[in-house]
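Me: I am new to this structure and would like to learn how to read it. Could we go through the features one at a time?

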Amino acid sequence: MSAATTSFIDRRTVVDWLGIVPFMIFALMFLIIPTLYLVMGAFFTPDGQFTFRNIADLFTPSIISAYWISIKVSVASSLGGALIGFFLAWAIVLGGVPSWVRSGLLTFSGVASNFAGVPLAFAFLATLGRTGLVTVLLRDWLGFNLYSTGFNILSFFGLTITYMFFQIPLMVLILTPALDGMKKEWREASEILGASTWQYWRMVALPILWPSLMGTTLLLFANAFGAIATAYALTGSSLNIVPILLYAQIRGDVLHNANLGYALALGMIVITGISNLLYILLRMRAERWQK
Amino acid sequence: MKTQKILAWIAIAIGVIYFFVPLIGTFEFSLRMRRGEYSADAYQSVFSDMQFRETFGFSMVMALLTIIFGMLLVVPTAYWVRLRLPQIRPVIEFITLLPLVIPAIVIVFGYLRLYNSSSWIPFTGSTSGTNALLVLSYITLSLPYMYRAVDTAMRAIDVRTLTEAAEILGAKWPTIMLRCIFPNVMSGVLSGAFITFAIVMGEFTMAALLNRPAFGPYLQLVGANKAYEPAALAVIAFAITWLSMGLLQLVSRFSKMAPSRP
C-alpha cells in the first residue's frame with residue numbers, strides 16, 4: 001500500500017499538478033473565496049457569533065417582496081423568451097424557410113443575446129417610453145394612448161419585455177442544435193405507423209425535447225435573475241428587485257446590517273445555483289438522444 | 001406542409017418585428033434632438049463630450065488588458081489539462097462555468113469585502129490596485145467564454161502529437177507554447193477575445209461598484225441626465241456589439257473552412 005502510494009506520487013505527477021496552480025490560485029482568489037466569504041458571512045453576526053438570524057431576517061416583507069418581484073420578472077421573461085425562442089428555432093429548422101433566413105437569424109441572435117445592460121434599457125425607453133417611437137406612432141396614427149391603459153416601461157411588464165430581447169436569442173441559440181438533432185427517421189417512422197403531426201409532436205418530439213426546453217428555460221431564468229444593469233438603467237431604484245436592493249446595500253448599507261447583505265447575496269446564489277444545477281442535469285438527459 | 005410553412009413565416013415575422021422595432025425606435029429617437037427635423041446633433045453632442053472619450057478609452061484599455069491576461073491564464077491551462085491532466089477536465093470546466101452561476105454583483109460584493117483597504121490584500125486601497133482588480137473581475141466574467149472558445153479550438157488539433165514533435169525537434173516550453181500551440185488555437189483565442197471585448201465594453205456592475213470611470217457607468221449617468229444622447233449611445237453600443245460578434249462569426253467560419261491538418 002505505502003509502496004504503491006510513494007511510486008504514484010513521483011516527480012512527474014507533481015509537475016503535472018503544478019501546471020494548473022496559476023489557474024487554481026486565480027479561481028480561488030477571485031471566484032471561490034469571495035463567494036464563500038459572503039456565504040459564511042450570512043451565518044454570522046457582526047461580532048462573529050454563529051446565527052441563523054440573517055437568514056430568518058430575509059423573510060421580512062420588504063425583502064420577500066423584492067425576491068418575489070425578481071422571481072416574477074425572471075419567470076415571465078424566461079417563459080416568454082422560451083416560447084417565442086422555441087417557435088423561432090422551430091421555424092428555421094423545420095419550417096422550410098430559406099437558408100439565408102436561418103443564418104441571418106442565428107447571426108442576429110449571437111449579437112442580440114450579448115446586447116444587454118444599460119444600452120438595452122435606452123433602446124426600450126426610446127421605443128416604448130412616453131415619447132418613444134411606438135408610443136408616438138400609436139397615438140398619432142391610431143389615436144391610441146398606450147400610457148392610458150396603465151402600461152409603463154418602468155414597470156414589471158416593461159422590464160419583462162425588455163429582458164426578452166436577450167432571452168429569446170439565447171433560447172434560439174441553444175435550441176437550434178437540439179432541433180437539428182431530431183432525426184428524420186423518427187418522423188418517418190411515426191408517419192408510416194399512421195401518426196398525425198399532432199401525435200408525432202405529443203408522443204415523440206416533445207418527450208425528447210422537453211429536457212432541452214425545460215433546461216434552457218431554467219438557464220434563462222437564472223440569466224434574468226442575476227441581471228442588474230438593464231433594470232437599474234431602466235427603472236432607477238423604483239422597481240425593487242433583488243439585484244437592485246443588493247446594489248443599494250453594497251453602496252450604502254440600506255438594510256443597516258452588513259451580514260443581512262451577505263444573506264441577500266446567499267439567497268441569490270441559492271436561486272441561480274439551483275436553476276443552473278437543474279439545467280445541467282436536464283442537459284445531460286437531453287444529450288442521450290443527440291449522440 | 002403548407003400550413004407549416006405559413007406558421008414558420010408568422011414566427012419569423014413576430015421575431016423580426018420584436019427585434020427590429022426597438023432598434024428602429026432607438027435610431028429614430030437618436031435623430032430627434034433638433035426640434036421639427038432629423039439631425040445628428042445627439043451624436044455630435046456625444047462625440048464632443050470629453051467624458052465619452054475618456055470612459056470609452058478607459059474601457060478599451062481594460063478590455064485589452066483583460067484579453068491579454070485572460071488568454072495568458074486560459075491558454076496554458078487548457079493546454080496543460082488536455083495534455084497532462086485530462087482526468088480533472090470536468091473540474092476545470094465546472095469552475096470556468098461558475099461565473100455564469102454566481103451573479104456578477106455577488107462576486108464584486110465579495111471582492112469589496114475581501115480586498116478593501118484594511119484587508120490582507122488591499123486591492124481597492126489605490127487607483128492602480130482597483131484597476132487591477134477590475135481587470136481581474138473582467139477575466140472572471142469572461143472565463144466561461146474564453147475557456148470554451150480556446151478548449152474547442154484545442155480539440156481540433158492534436159495537442160499531444162504537436163508537443164511531442166516539437167520536443168523531438170528540440171523545442172523548449174516557451175517555444176512550444178508561443179510557436180506551436182498559440183498559433184494553432186488562434187481562432188479560439190480570437191473568438192474569445194471578441195466576445196470578451198463586447199462584454200467588457202458595456203459592463204456596468206463591476207465598474208460602478210469598484211468606482212472606476214468606465215463606459216458602462218458613464219452610459220448609466222448619461223441615461224439619468226439627458227434625453228436624446230442615451231439613444232445615440234445605445235446605437236453606438238449596438239454597433240460595437242455587432243462588430244465584435246460579426247468578427248467572431250467571421251473567425252469561426254474561416255477556421256471551419258480551413259483544411260484540416262493531416
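Me: How many helices and strands does chain B have?
Reply: In this predicted model, chain B has 12 helices and zero strands. Following the sequence of chain B, the pattern reads α-α-α-α-α-α-α-α-α-α-α-α.

Me: What box do the C-alpha atoms of chain B fill?
Reply: Taken along the principal axes, the box is roughly 75 × 70 × 30 Å. Chain B has 262 residues, of which 46% count as buried.

Me: Which contacts in chain B join residues at least 24 apart?
Reply: Start from the contacts between residues at least 6 apart in sequence; in chain B, 75% of these join residues at least 24 apart.

Me: Where is confidence lowest in chain A, and where is it highest?
Reply: Where pLDDT is low, the predicted coordinates should not be read in detail. For chain A the mean pLDDT is 87, and 96% of the residues reach 70 or more. Helix H1 (residues 2–8) of chain A has the lowest confidence in that chain, with a mean of 51. The highest is in helix H3 (residues 21–41) of chain A, at 94.

Me: How many residues does the contact take from each chain?
Reply: Chain A supplies 58 residues and chain B supplies 63 residues. On the side of chain A that touches chain B, the elements giving two or more residues include H3, helix H5 (61–94) and helix H14 (258–287) of chain A. H3(A) gives the most to that side, with 11 residues.

Me: How do the residues of the side of chain A that touches chain B divide?
Reply: They divide into 43 nonpolar, 14 polar and one charged.

Terms used. Residues numbered from 1 in each chain as written. Chains lettered and ligands numbered in written order. Predicted model: local features only at pLDDT ≥ 70, side-chain atom pairs only at ≥ 80, totals over all residues. Helix = DSSP H or I, 4+ residues; strand = E, 2+ residues; numbered from the N terminus. Buried ≥ 20, exposed ≤ 12 C-beta atoms within 10 Å, placed from the backbone. Contact = placed C-beta atoms within 7 Å. pLDDT = per-residue confidence, 0-100. Nonpolar A, V, L, I, M, F, W, Y, C, P; charged D, E, K, R; others polar.
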